Amino acid sequence: MPDVEPNPKFSASDSVVFLATHPRSAAMAVPAAVVREKPVEPAPPPPPAPSAYVAADAASYRHLETAAYYRALDAARSAPAGERIATMARSVHALADEVWASVRADAEPAGQRSEIACGAGCAACCHQLVTVAPVEAAAIALFVAQRFTPEQRKDVAERISTLDAATRGKTAIERTRLRLPCAFLEGGRCSIYEARPLRCRAVHSRDAGHCGWALVNPDAATQDRAARADSGPFLVAPAKIMDAALTGLARACRSTAIDGESLELTAAVRIALAVPDLEDNLKNGDPVFAAAALPTPAPPEPAS
Ligand code: SF4
C-alpha cells in the first residue's frame, strides 16, 4: 500500500479510472466475440524482472518477531493508562518501519532509482479486505481521536459506517469484487498513514499495471495468485518483515491476556471508535470485537 506521499491532485476514483485505462489493461481487454463464446478473464501482465530486495533467512525473521514481542511489552508498561494497548501497536509499527527502511536502504544504494512502483495517487490495493490486530484498531481509533478535527472525525465515522454496512461478513473475494475504497482513503491518500495496519505496510508492488489489472479483474487475480509459485510483482521482504512483527505483537497481546486474533479493519475500527473503555474491556477479556471477526470463506461448490 502506498508508502510515498501521494499526490493530492489525484482522487481515489481518479486512480481507479487511471488504472482501469492503463495501456496494459487495454491490451488485455477480451474481444467481444471471445466473451460471447466463452467468458474468459484476461491474463495478468507479465511479472517484472527479479528484485533486488532479497528476503532474509528464517532466523532473522524469528529475531524480529522476538524483538517485536519485547518492544510491545515494554511499550505497554511505560504508556499511560488508556493508551497502553494502542502504544503496543505503535511501538511495533515503528520497529517494523525501522527494519524495512534499513532493508530498503541496502537494496537501493544512494542515487539508484527505486524499483517499487507504489506512489502518488496509486491506491489500487486500498480496495480490499484488510486485516488488523485488535490493538492496531485501538491505535487507529486513538489516532483519529488525537489527530482529526471534529469535522474529519464525523466524515470518517460516516464513511466507516457506510462501508461497514456494505462489506460486513463479505469474504476477501466478495469484498474485492465490490471495488469500494477503504474508509480511510481521502483524495487518493491514506488519512491514517502513520497508524495504518501492518498488513497495509506489507504491500509493495513493482508493477502498478498489475495492481490496476487486479483491481478490475479480482477473480482472475485470485486465480493468478493461487497458481503462482512466486509472489509476482509483490515484494517478499516487506511482507515477511510485517508478518514477523505482527506475530510478535500477537504473542505480546496473548501474554497480557489481550485478544490477538486478526479482525476486519472497517468493522474493528468502527467498534474501537464507539467503545469508550476499550482498553479495560479488552483486558477484562470482553468480546468487544466479536462482530469484526473475519468471515469464514464459503466451502467449495461440490463437483457435479
Ligand atoms: S488503512 Fe486503508 S487507505 Fe490506509 S493504506 Fe490501508 S487500505 Fe489503504
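In the predicted model, helix H4 (residues 58-78) packs against helix H5 (residues 84-107) at an angle of about 145°. The two axes lie 8 Å apart. The crossing of H4 past H5 is right-handed. On the H4 side, the contact is formed by Leu-64, Ala-67, Ala-68, Arg-71, Ala-72, Ala-75 and Ala-76. Their partners in H5 are Arg-84, Thr-87, Met-88, Ser-91, Val-92, Leu-95 and Val-99. Sorted by class, the contact of H4 with H5 holds 10 nonpolar residues, two polar and two charged. The spacing of such positions follows a general rule. An α-helix has 3.6 residues a turn, so residues three or four places apart point the same way.

H4 also packs against helix H12 (residues 236-255). Here the angle is about 45°, and the axes are 7 Å apart. From H4, the residues in contact are Tyr-61, Leu-64, Glu-65, Thr-66, Ala-67, Ala-68, Tyr-69, Ala-72 and Leu-73. From H12, they are Lys-240, Ile-241, Ala-244, Ala-245, Thr-247, Gly-248, Leu-249, Arg-251 and Ala-252. This contact of H4 with H12 divides into 12 nonpolar, three polar and three charged residues. Leu-64 of H4 meets H12 and also takes part in the contact with H5.

H5 contributes Ile-85, Ala-86, Met-88, Ala-89 and Arg-90 to the contact. H6 contributes Val-135, Glu-136, Ala-138, Ala-139 and Leu-142. By class, the contact of H5 with H6 has eight nonpolar, no polar and two charged residues.

Helix H13 (residues 265-274) is largely enclosed by the rest of the structure, because nine of its 10 residues are buried. A residue is buried if 20 or more other C-beta atoms lie within 10 Å of its own. The buried residues are Leu-265, Thr-266, Ala-267, Ala-268, Val-269, Arg-270, Ile-271, Ala-272 and Leu-273.

Pro-287 gives a contrasting case. This residue sits in the segment after helix H14 (278-283). Pro-287 counts as exposed because it has 10 C-beta neighbours inside 10 Å. In sequence, Pro-287 and Asp-259 are 28 residues apart. In space, their C-alpha atoms are 8.6 Å apart.

Across the protein chain there are 14 helices and four strands. Of the 304 residues, 41% are buried. Among contacts with a separation of 6 or more, 84% join residues 24 or more positions apart. The average pLDDT of the chain is 85, and 82% of the residues score at least 70. Over residues 2-36, pLDDT stays under 50. For that stretch, the model has 60 contacts beyond four places in sequence.

Note on methods: Residues numbered from 1 in each chain as written. Predicted model: local features only at pLDDT ≥ 70, side-chain atom pairs only at ≥ 80, totals over all residues. Axes fitted to C-alpha atoms, helices over the stretch in contact; angles between N-to-C directions. Helix = DSSP H or I, 4+ residues; strand = E, 2+ residues; numbered from the N terminus. Left-handed = near helix turned anticlockwise from the far one by under 90°. Contact = placed C-beta atoms within 7 Å. Nonpolar A, V, L, I, M, F, W, Y, C, P; charged D, E, K, R; others polar. Buried ≥ 20, exposed ≤ 12 C-beta atoms within 10 Å, placed from the backbone. pLDDT = per-residue confidence, 0-100.
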